[in-house]
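Please consult the sequence and coordinates shown here while reading.

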Amino acid sequence: MTTTPDTTTTPKSKLIQQQQQQPFDPLSTTPATNLVSPLPPDLDADVLVVGGRDVRHILYTAYAEIGEHKLQESGESKRRRDNSRRSSLGLGESRRRKIDVTVSHEDKYVVARNVLVLSLLLGVDLDGAGAGGNGEGSGNMEVEKDAEEAGAEQMDVEEGAEKEADVKEGDDKDKDAKGKAAMEKLARIWDIYYTRFLPDPETRNLLASQAEKLCQVSKTMEDWEQGPYGGTIHLVNQKSLDAVRGVWEQYAEAARSALHTEKVRELHSALVEGMRSSPDEQRQKWALGSSVAPLTVLLKDQIGFYVQVAWEFDQNIANAMMLFPNPTFAAGLLSEPDSESESESQSPGRRRRLAYPSNGVLGYHLALIKAPLTELSPLRIDRDGNDFKDGIDEDPNGHMTALRVAMHQFTQWSLAFRELAAAEQKGLTIRFAVDGWFPLCQSLLHPPAAAKTKKQFDIIDTTDLSSLWDPSAAGVPDPPGLLGLLVAAKRLLKDRASSTLVLDDGDGLSLVDDNVNGDGNMDSNNSSSAQAEASIFANSTTGAFILGMAPVEYWSNASVKATVDECLLAASSLYDEDREQLQGLDKGQEGMAAAAAARVKKVEEQGLHISNRLSRKHSRWLAPGRQQQHGGKWGKSPVVNVDAKELAEAAWSVYKDSVIYQIEGQRVVHEGQDLIKISWGKGLWQTFMDFIGVVGGQFEMDREEFRQAIMEKIGGNVVQDTLLEKVLGEVVSGSTTATEAEADGCPVFTASFDVTSGTLTTITGHLDFITGEDKQLLADKTVPISLRQSSPWTIDIVLGAGTLVKPLVFPTPVLKEGSKTRVARKSGYIEVIAPAILNPLAAKVLDEYIFPTVLQTTESSSETSQLVPTTLNAPTVNLDSLPILSISDTSGLSFLGPLASSMYSPRELHERQAALEKGLPETSWDSARLNLKESLHTMINIAAGLQVGQSGLFALCPVSGSGSSSSSSGGRHILILVSAIRLDCSAQSGGGIVIDAAVLPLTHSLLAKKNNKNNDDDEDLQSFLVLLRTLDCVDLSVTDAELALWKSILPSFAERCRTWSHSPSSCEYATTGQVPLSLKNGDPVLCTCGTGHFPPNYLSLPLWESAAAPHATRVAISAPYCSPVVEKVVFDPVLAKKIAERGLEEALRKKEERCRSCGKGEEELVEERKANGGETAGKTAEVLRKCARCLKVKYCSAECQRRDWKTHRTECVESEEHHR
């Protein structure tokens, strides 16, 4: 596509000057995350990473696929063990999925570093490192050959045994030697990639030899592709290859030079000078918060001190000692990052500064420094023969501890990468491009004519993209901003429900401008001006609808990403700042507490816009729990009609609010419709054209009228008019027209917009009755017609008493309340005019939409495609690779309290408190979501031993009188058996926990088998259920609505951790088209594909493996945290007050007694009674009283004790004090 000549475009010299002002920033501080986590675990993945600064995401993705490696284990042994595990879990020896990752960055020095380190890792001896693969194992083969020859000489048994022992001893020594060599090489690779000054000549030699090797195999694209690394690592074009080759030449020249040569002195000077700039303290604080989550409180000072000391050491001591500068850092400081001339030599006068802190440790999961882990936990640093000792807290400053933890993770992740990329499997392919994200996306959108197909992706990840408003990041002047990225993503993502754009708004960007006040109402005036300026949509519903993308977290208000550590860090930063400012003044502790409390309140009022949103391509499969089916074929994308002028108004409103107002230096004063003052640079104009093309392709409309309306908005010239006409002419409308859809019985929709504001208002669904039987029923005037809402996307048209049900699956969430119906009995159609949901918190129907699972069609090796369940906002995890928390000593689990409590938003805390003050039991609360959070909160606390009566056995029991019929299992409908609490420190979770559990729904069919006396296994199941009644199984009282909500989210918890495959022919999800299978009591909830797939020794319960496991499914349960794109997510104000008074760590360290029922602490109750003038004002000993029987659990009132008795009675044991 061509663009108009542009005289206002920023000159290239100015662009280069802007780029030179940017620091060299080769290392990101965002914790490593699994790039393919949004996809089902057996789906091949094509990933685009824009702005990828380092390789930690790639390494961790491989680790999430492979898992931890056992040191001293041969490659063949590893493969046998892995195939055995996969076979036991129902996978057999099926192939691993293929992962293809394209990584772009505009700085060639960043890309050259990344290709270099990955090529080094490909050369690690897998057998020596115990990772499996094609290592140098010829020595072992020769030994085996010798043994065979010796056996052929007919040695006697004793001589053969001696020879075999000698062979084994030699084999072990060989493995030890290779393992040591592999570990030493990995340590040197770490130094090359992460240390600013190289420690020894061996490391310099490794760098020099590898750089020289890369230069020799990269002379042409053909040389590279046929070279030793071309099977795994690719450069997307000759330009990128030439750029990185020039950098490798610099590495080789410098690494081969002597310390006192002019070349090395120049690099040394550049590195030292580049570190003299003042550190960005605020960036450091927030970076540390994500790196050590969820143990920010306990580790922020320790890690902060480590980062500061490491920086100052290189600033001062390294300079004085004249240590050897690492060319992978220093070379990037000498010249501009994107020179037009690849052969241009270095210019000594051009220098960049090194971004602070540029510390590779921060990209790893540093919470493991202090998190108490079990002896067999993955990533525990004092196991598997490592030289790490127990008692890692013996290093008080955290110097070596942080480094050891990071290096151990680097080793494990690198070995996984090496295995996944092994030549025989080809499970991983990495492609690198030296380009800004905008030019790259344009080249992908408009491939050369020779290209056979256009590259499309399952995932586009922007976690490391430095700034969407920075020209150096985009690679073009007049950057198009977030809207440009959304438009590109819409066109580059595959047409699947699982296709995901991962957005990071670390610079203050948010998908919406909406904020929520304490009452749960949207209030745009409640956001700061900075946040308002950085918002993408003034109205998220309208913007997402016309783009055809669904921000899942916005509709569900649920995320597995915990934000409590970022909130606590904000409070801590405010406290520290006020303490420093008030020291020396006559304020004292009370004054500092008041000042910090005021600052915390300000944070509360403004809300926090936290990073990592998920935005998915819009599809009809977003309707949860019910999929439309017509004539045996799964429905196509819906047809949506619009008025051309209304759509033009909506499109212009979105573009104006999201782009024109955002471009620094491009702001204009609007005078009516005279918008000709806009500077249409290349980035802005190309984004606008692509945006109009995407919007125009979404709907059925008069395209000529739409073009004219847009031209009136932009005041365009003849050239622009021609190009706009061309864009709309190239738009391919949906494969199904309105006429075709009506003939097929598929619904047709019409969207209406407010002509003044451009806001989406209503959606009209038109459904024709096709069959004669259906038409006859509709024509009968005695048959009543009613509406019911079965999901946020679905309104069912019900004829009679359910005689005929016709679901209308709308293209955006709608409300049944306020909808209207047009019934044409003679013509044979019904129309439903439904208002679009503009405020997620105001729609009750979204209260039960938390972790949806939908069916999507995927390619299959057979001729028929397969329907596979896909979770929309619950990222997949490899449970067996996640660290396991030790719950034997709860003193190290203080962080779990705030982490579990933070799943409540301030709005929900207000609702919860109001219900408790009214004396309402949980089972009478109006919100099933809030009830579910209460149950999860109780489950976490009891499973971790934070409350009296530690137990991992839980049962969901509908309360009597709630409409549930009691089953023969004593009222227990679903069993949840917790195996472990695991840490997920990746960026996708924000530093959270995952409950590794088995779920066993007690269905009617299963209980009927239990009563069958003719089967020994069934008899065991009955015995197992009876056994549970004698154990500490906690009965969680739930309402019918909460139980249904549990059933609706269990499929996502099962799908996100599955290690098994769905059967194409017998999976109940596919055959019924329902996920979950049913919400009715006693009916199956989950498909049977996943039952019985557990690792050995999963639960230490009698009869577990023989009786219960064959009927249970493994799940990964995460708390549903509120999404900061919807409402405020700050923590409990009581906790904020304590932080202000005592400091962050002290406030959380003190274990305060709390009421078991309402959760109020002693101090909170004292303050409450002070306010009420009670007699016990100020006396903490009297506000909580012990249970008279067990003398352990405490309550603040008799009402709270009565409310909690159903739960407490299962654990209440008479105290021995009564018998003394």
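The points below concern a helix pair and a sheet with its packed helix. The model is predicted. Helix H4 spans residues 108-122 and helix H10 spans residues 238-256. A separate topic is an open sheet of three strands, ordered E18-E19-E20.

**Helix pair H4 and H10**

- The axes of H4 and H10 come within 9 Å, with a crossing angle of roughly 75°.
- Angles from 65 to 115 degrees count as roughly perpendicular, and H4 and H10 are therefore roughly perpendicular to each other.
- On the H4 side, the contact involves Lys108, Tyr109, Val111, Ala112, Arg113, Val115 and Leu116.
- These residues meet Ala243, Val244, Val247, Trp248, Gln250 and Tyr251 of H10.
- By class, the contact of H4 with H10 comprises 10 nonpolar, one polar and two charged residues.

**Sheet E18-E19-E20**

- The pairing within this open sheet is antiparallel.
- Strands E18 (785-791) and E20 (804-809) stand at the edges and have a single partner strand each, so one side of each is left without a neighbour in the sheet.
- Direction ignored, neighbouring strands of the sheet are turned by 25° against each other on average.
- Strand E19 (residues 794-799) pairs with E20 in the antiparallel sense over six bridges.
- Ile797 has Lys806 in E20 as its bridge partner.

**Helix on the sheet**

- Helix H29 (residues 772-779) packs on the sheet and touches E18, E19 and E20.
- The direction of H29 makes about 100° with that of E20.

Technical notes
Residues are numbered from 1 along each chain as its sequence is written. This is a predicted model: local features need pLDDT of at least 70, side-chain atom pairs count only at pLDDT 80 or more; totals for chains, interfaces and linings use all residues. Side-chain values use heavy atoms; hydrogens and water are left out. Axes are lines fitted to C-alpha atoms, for helices over the stretch in contact, and angles run from 0 to 180 degrees between N-to-C directions. Helices (H or I, at least four residues) and strands (E, at least two) are DSSP runs, numbered from the N terminus. Angles under 35 degrees count as roughly parallel, over 145 as roughly antiparallel, 65 to 115 as roughly perpendicular and the rest as oblique. Contact means heavy atoms within 4.5 Å. Ala, Val, Leu, Ile, Met, Phe, Trp, Tyr, Cys and Pro count as nonpolar, Asp, Glu, Lys and Arg as charged, and the others, Gly among them, as polar. Two strands pair if DSSP finds at least two bridges between them.
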